[in-house]
Amino acid sequence: MHIGIIEDHQLVRDSFTKLLELQADWEVIIEACNVSQAKLAVELEQPDIFIVDISLNESETGLTFLTYLNENFPEIKTIVASMHDYEPYVSNALRLGALGYVSKRSASEELIDAVKSVALGKRYISEDVNFALNTPNSALTILTNRELEALPLLAKGFNAKQIAQKLEIMPKTAHVHKANIYSKLNVTTSFELLKIAIDAGVIQLDELT
């Protein structure tokens, strides 16, 4: 597996590289200290996974690079490794396409597991970050305004055609909103979605009767 790292501290980059390359067939092919350098490198060679720090010593942050990868190389999976293990950083990174989020405080223990999970297309968030995302309202900050409008309708059992009529959008767009909501909130059933909506106060129990 080929891996890229964008991190402005040389010691951290070296530490991550040594840790990752202990795994058989894993190779760090890009080590960048800023967004400009990372963009130039990824134009030449695309890793399977990119590990991204948010806070960089320049005007452009890791979130800028996540946006760039999401728009130009969506096949590259991304993991954020940052000291900013709280909102709104976590939600913003996930909204910009990151599949993994690891606190630097636990990176040495969790980075390998994060890479393995994300390589399989699974979301991975380290336990010390999870606390911020486990509150229902903060979880919903991942959603766009349109997705927030569709959420209570989905939770109440409306289908895509009905949602399209109520929101005055195309049925195809309603299907996209549904898929995005299920993915971002990491749910697979309407019951799970309903529970999140009730816990977050998006809908009230008396609305279901």
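The model is a predicted one, in which local features need pLDDT of at least 70 and side-chain atom pairs count only at pLDDT 80 or more, while totals for chains, interfaces and linings use all residues. Residues are numbered from 1 along each chain as its sequence is written, and side-chain values use heavy atoms, with hydrogens and water left out.

Let us start with the whole. The protein chain holds eleven helices and six strands, where helices (H or I, at least four residues) and strands (E, at least two) are DSSP runs numbered from the N terminus. Its radius of gyration is 19 Å, close to the 17 Å that the globule rule gives for 209 residues, so the chain is as compact as a globular protein of that length. Here the radius is taken over C-alpha atoms, and the rule is 2.2 Å times the number of residues to the power 0.38. Of the 209 residues, 45% are buried; buried means under 20% relative accessible area, exposed over 50%, and partly exposed in between (1.4 Å probe, protein chains only).

Now turn to strand β3 (residues 49-52). Ile49 and Ile51 point one way and Phe50 and Val52 the other, and all are buried. β3 pairs with strand β1 (residues 2-6) in the parallel sense over four bridges; pairing requires that DSSP finds at least two bridges between two strands. In that pair, isoleucine 49 is the bridge partner of isoleucine 3. β3 is also joined by four bridges to strand β4 (residues 77-82), again running parallel, and there isoleucine 51 stands opposite isoleucine 79. Between β3 and β4 the chain passes through helix α3 (residues 62-72) in a right-handed β-α-β crossover: with the strands pointing away from the viewer, the path from the first strand over the helix to the second runs clockwise.

Next comes tyrosine 89, in helix α4 (residues 89-95). Tyrosine 89 counts as partly exposed because its relative accessibility is 28%. Leaving aside residues up to four places away in sequence, tyrosine 89 touches Ile54, His84 and Tyr101, a contact being heavy atoms within 4.5 Å.

Finally, look at helix α10 (residues 171-184). Its 14 residues should span 20 Å at 1.5 Å a residue, and the end C-alpha atoms are 20 Å apart, which agrees; the expected span is 1.5 Å times one less than the number of residues. The buried residues of α10 are Ala174, His177, Ile181, Tyr182 and Lys184, and they pack against α8 (145-155), α9 (160-167) and α11 (190-199).
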